[in-house]
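Let's walk through this model together, starting with some rings and ending at a chain-chain interface. Have the viewer open as you read.

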There are 4 protein chains.
Amino acid sequence: MTLRAWTYRQLEPEAWLERGLSPVNRLLTAAILVATLAAVLETEPLIAMPWALTFQRIEHVLGALFCVEYFARLWSAAERQRGSPWRSRARFVASPAALIDLVVLAATLARAQGLALLPLRLVRLLRVLRLAKLGRTSAAMRRIASAVHSRREELAVTAGFALALLVVGATALHLLEGVVQPKSFGSIPRALWWAVVTLTTIGYGDVYPVTVGGKCAASVIAFAGIGLIAMPTGILAAAFSEAHRHDRVS
Amino acid sequence: MTLRAWTYRQLEPEAWLERGLSPVNRLLTAAILVATLAAVLETEPLIAMPWALTFQRIEHVLGALFCVEYFARLWSAAERQRGSPWRSRARFVASPAALIDLVVLAATLARAQGLALLPLRLVRLLRVLRLAKLGRTSAAMRRIASAVHSRREELAVTAGFALALLVVGATALHLLEGVVQPKSFGSIPRALWWAVVTLTTIGYGDVYPVTVGGKCAASVIAFAGIGLIAMPTGILAAAFSEAHRHDRVS
Amino acid sequence: MTLRAWTYRQLEPEAWLERGLSPVNRLLTAAILVATLAAVLETEPLIAMPWALTFQRIEHVLGALFCVEYFARLWSAAERQRGSPWRSRARFVASPAALIDLVVLAATLARAQGLALLPLRLVRLLRVLRLAKLGRTSAAMRRIASAVHSRREELAVTAGFALALLVVGATALHLLEGVVQPKSFGSIPRALWWAVVTLTTIGYGDVYPVTVGGKCAASVIAFAGIGLIAMPTGILAAAFSEAHRHDRVS
Amino acid sequence: MTLRAWTYRQLEPEAWLERGLSPVNRLLTAAILVATLAAVLETEPLIAMPWALTFQRIEHVLGALFCVEYFARLWSAAERQRGSPWRSRARFVASPAALIDLVVLAATLARAQGLALLPLRLVRLLRVLRLAKLGRTSAAMRRIASAVHSRREELAVTAGFALALLVVGATALHLLEGVVQPKSFGSIPRALWWAVVTLTTIGYGDVYPVTVGGKCAASVIAFAGIGLIAMPTGILAAAFSEAHRHDRVS
C-alpha cells in the first residue's frame with residue numbers, strides 16, 4: 001500500500017475497513033474536543049487571563065494539526081476514484097464538509113491576528129457528529145434516527161398541537177392579564193414568552209399570572225402542557241420499542 | 001366538469017379525490033396562518049405601529065380572499081347532493097363551520113371600522129385543524145386520537161387522581177402555611193395555585209412553603225407529582241405502541 | 001322486592017346488579033363532590049362572606065341527606081346476610097367505612113355549633129374513591145393498580161435510588177455551599193429542601209447554588225434527576241403495555 | 001455447625017442459603033440507616049444541640065456494633081475457603097469493601113475525639129446498596145441494570161446530544177445576552193449554568209434571558225430540551241418492556 005493510500009484510509013472514515021474509527025481519526029476527534037473546550041473556556045476572562053499563554057500554545061498546535069490534516073486530505077483525495085487525481089481533489093475542495101473545514105481553518109489562522117469568531121470555532125463539533133455516525137455508536141444512532149423517522153408524522157402533529165397551545169395560552173393570558181401586567185402580557189408576542197416558560201415547565205418566575213382569572217387559565221394550560229410532554233415521550237417509547245425489535249430480527 | 005363542480009372539488013376537502021389537499025385549500029391554509037400571525041403580531045405596539053400600513057394591506061387582501069371563498073363555497077354547495085341547489089346552499093349556511101366562518105368574516109369586516117375582536121380572529125385556526133385532519137398528517141392524527149381514545153378511562157382515572165392530589169396538597173399546605181403566609185395559603189382556593197404550580201413542576205417561585213412542616217408536606221406532594229407525570233406518559237406510550245401495531249396489521 | 005331490599009340494592013354498590021352505579025349512589029357521589037367543593041370554597045373569606053347564607057343552606061341540605069343515608073344504610077344492612085338483622089346492623093356500625101362516615105357526620109353536625117374540622121370534611125373523598133372502584137372506571141383502575149403492583153419492586157428500587165440521590169445531593173451542596181449560604185445549606189436537612197426542589201425539577205428559586213463548585217455539583221445532580229423521572233415513567237410504560245395485553249387476552 | 005460457620009453465614013450475604021437477608025444482616029442494615037440518619041440530622045444545630053447526648057449515645061452504641069461486626073467478619077472469614085484461615089483473613093482485610101469499612105470505622109472512632117468527617121459517614125450507604133443487591137429486590141435491580149445496559153449506546157448518544165445542546169445553547173445565549181447581562185452570560189462557562197437549569201426544566205429564576213433575541217433562542221432550546229427528557233424516557237420504557245419479557249421467559 002502506498003503512503004497516499006494509507007493516508008486516505010486513515011483520514012476517510014468510510015474507507016477504514018475495520019470496526020470503529022482509525023487511529024488518526026481518533027486523534028482528530030480528541031483534538032476537536034480539546035479545541036472546542038479551549039474555545040468555550042477562553043470566553044471566561046477569569047480562566048483566559050491567567051492561562052493566556054497556555055491557550056495560545058494549544059491553539060497554535062491544534063491550528064497546525066488541522067492545517068496538516070486539510071492538506072493531507074487534499075493530497076489523498078486522489079485515491080477516491082479512478083481518473084484524474086486533480087479532478088478528485090477539486091471535488092474534495094468543493095464538498096460542503098471541506099468548505100466548512102476551510103472556513104474554520106481560515107478563521108483559526110485569522111484569529112491569531114485578533115479576530116474572535118466564536119461560532120465558527122464550535123462548527124467543528126459537526127465533524128465529531130459525522131465521525132460518531134461511523135464509530136462505535138453508529139448502530140445506536142441509526143436506531144434513534146429510524147425511531148424518530150418512523151414517527152415523524154405523529155411528532156409533527158404533536159408539535160402542531162404544542163404550537164396551537166402556545167398561541168391559545170398566550171392569547172388567553174394576554175386578554176386576562178394584559179391590563180394588569182402590560183410589560184409581560186401587553187401583547188401576544190410578549191405573552192408567548194410566558195407560554196413557552198410554562199408549557200416546558202421551566203417556570204423561571206420572571207412572569208406569572210397574578211389575577212384569579214389568569215391563574216385559572218394558566219392552570220388549565222399548565223395541565224395541558226403535561227400532555228405536551230407525555231405525548232412525544234409516549235410516541236418515542238413506542239417507536240424505540242419497535243426499532244429495537246426490528247433491528248434484532250433483521 | 002363544470003366550473004361549479006371544479007370549484008366544489010377544490011374547496012371541499014372531502015370531495016378532493018387525490019391524496020392531500022387541493023391547491024386552493026393549500027393556499028387557504030397559508031392565508032389562515034398568515035392572518036393568524038398578523039393578528040398575533042398586531043397586538044404588539046412596537047411591531048404594529050411602524051408597520052401599520054402593511055398590516056392594513058394584509059388584512060384587506062386576506063379579508064377579500066376569505067369573502068370570495070365564502071361566496072364560492074355558497075355557490076358550489078349546490079354540488080353537494082341531488083335536488084334543489086338552494087336547499088343545499090341553505091344547509092351550507094346553517095352548518096356550524098359556515099356559521100363560524102361568517103361570524104369571523106363579519107368581525108374582520110367590522111374591524112375595518114374600529115372593532116378589535118382578537119379571539120374571533122384566532123378561531124380560524126380551527127379551520128386549519130379541520131384541514132389537517134384530511135391532509136397528509138391524517139393517518140398520524142387518527143393514530144393519536146385512537147391511542148388516546150383507547151385509554152380514555154385510564155387517563156380519566158389519572159386525571160381524577162391528579163385532581164384529588166391537588167385538593168389534598170392544597171389543604172395540607174393551607175393548614176401548615178396558612179397562618180404564616182395568609183396571602184398565598186390563607187384559603188384552599190389560594191393554596192390550589194401553589195398546588196398547580198408544584199404538581200406540574202413549573203415552580204415559578206411566587207409561592208413556596210417556608211415552614212419546616214410545609215416543606216416536608218410539599219416534598220411528599222412533589223414526589224407524588226412525578227407519578228402524576230409518569231402515569232399518563234406510561235399509559236400513552238403503551239397505547240401508541242399498540243395503535244401503531246394495529247394500524248400496520250389492518 | 002321489599003322496600004328494604006330495594007334500599008339495600010340502591011345503597012350497596014356491590015349489591016347493584018346492573019353495570020355502573022345505582023341512581024341513589026350517583027346522587028350521593030354528586031352530593032359528596034358538592035360538599036367537598038363547598039368545604040374548599042368556604043375557606044376563602046372573599047367567597048365565604050358574601051355567600052354565607054348559601055353555604056349554610058347547602059350544608060343543611062347535604063347534612064340532612066347524609067344523615068338520612070346513614071340511617072337508611074343502617075336499616076337496610078339487615079339484608080346483607082341471613083340470620084339476625086341486628087347482628088348485621090351491628091357489623092355495619094363497626095365497619096371502618098361506616099365509622100368514618102359517622103365521625104364525618106358528627107363533625108358536620110357539630111360544625112353547625114361552631115367547630116371547623118376541615119380535614120374531616122375532605123375525608124368524604126375516600127367514599128368517591130370507593131364508589132369509583134365499582135363504577136364505570138373500575139376496569140381502568142384495576143389495570144392501573146395491577147400495572148403498578150406488577151412492578152412494585154422496580155418502583156421501590158427507583159424510590160431507593162431517588163432517596164440516595166437526595167441525600168448525596170444535599171450532602172454535596174451542604175459541603176460546597178454551607179459556608180456561603182448558611183441559611184439554606186447550613187445543614188443537610190436544610191439542603192434536602194434544595195435537593196427535593198431540584199430533583200423534581202420544580203425549581204422555585206428560593207434556594208440555588210451560587211459558587212462555581214456548587215453549580216457544578218448541582219448540574220450533575222440535576223441531570224441525574226432526569227433519570228429519576230425517566231426511570232419510573234419507563235417502568236410504568238412497560239407495565240401498562242403488558243397490563244393491557246393481559247386484560248384483553250383474559 | 002460451629003459458631004464460626006454460623007457467624008460466617010449470618011454475616012456473609014452470599015453464604016446465606018435462604019431467601020432474602022439473614023437476621024444479623026437485617027439488623028446491620030437497620031443500624032446503617034440509623035447511623036446515616038443520625039449523621040444527617042446532626043449537621044443541623046437546631047436538632048443536634050438539644051439532643052446532643054442522645055446523638056452521642058447512638059454513636060457509641062452503633063460504633064461498638066460496627067466494631068464487633070468488623071472483628072466477627074475478620075474471624076469468620078476463615079470459613080471462606082479451604083487452606084490457611086489466616087490467608088483468608090488477610091484477603092478479607094485487603095478486600096476493597098473491608099478497607100472502606102475499616103476507614104469508616106476509624107473515622108467514627110476518631111470523631112469521638114473531635115473530627116467531623118461527614119462524607120465518610122455516608123459511605124456506609126454503599127453497604128446498604130450491596131446488601132440490597134442480594135435481598136428481596138435483587139431481581140428488580142438486575143432487571144433495571146440489564147435494561148439500562150442493553151441500551152447503554154442509545155443512552156450514550158442521547159447524553160452526547162444533551163452535551164452538544166448544552167454547549168450550543170450556552171454559546172447562543174452568551175452571544176445574544178452577554179453584553180446585557182455580563183454577570184450571567186458574560187462567558188460560555190457562565191451561560192452553561194443557565195443552559196443546565198433550562199434544559200433540565202428546573203428554572204430557578206436566578207438567570208433568564210431578557211432581550212427579544214435571547215428569549216427566542218431560549219424558546220427553541222427549551223423545546224429541544226423536552227426532547228432531551230423524552231428520548232431517554234422512551235429508550236428506557238422500551239428497554240424495560242423487553243427486560244421484563246425476557247425475565248419471564250427465561
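Ring pairs tie Tyr70(A), Phe71(A) and Phe92(A) into a cluster. Rings of Phe, Tyr and Trp (its six-membered ring) pair when their centres lie within 6.5 Å; planes under 30 degrees apart are stacked, over 60 edge-to-face, and the rest tilted. By that rule there are 20 aromatic pairs over all chains. One of them joins Tyr70(D) and Phe71(D), edge-to-face, with 5.7 Å centre to centre and 90° between the planes. Tyr70(D) is buried at 7% relative accessible area, while Phe71(D) is exposed at 51% (buried is under 20%, exposed over 50%, partly exposed in between; 1.4 Å probe, protein chains only).

A word on ground rules: this is a predicted model, where local features need pLDDT of at least 70 and side-chain atom pairs 80 or more, while totals for chains, interfaces and linings use all residues. Residues count from 1 along each chain as written, chains are lettered from A and ligands numbered from 1 in written order, and side-chain values use heavy atoms, without hydrogens and water.

Now for chains A and B. Their contact (heavy atoms within 4.5 Å) takes 42 residues from chain A and 37 from chain B. Together they bury about 3,300 Å², 72% of it on carbon and sulfur atoms; buried area is the accessible area (1.4 Å probe) lost when two parts are put together, summed over both. On the chain A side, Glu154(A), Phe223(A) and Ile226(A) lose the most area to chain B, together 15% of what that side buries.

Two salt bridges cross this interface, each pairing a side-chain nitrogen of Lys or Arg with a carboxyl oxygen of Asp or Glu within 4 Å. Glu44(B) and Arg190(A) meet in a salt bridge at 2.6 Å, N to O.
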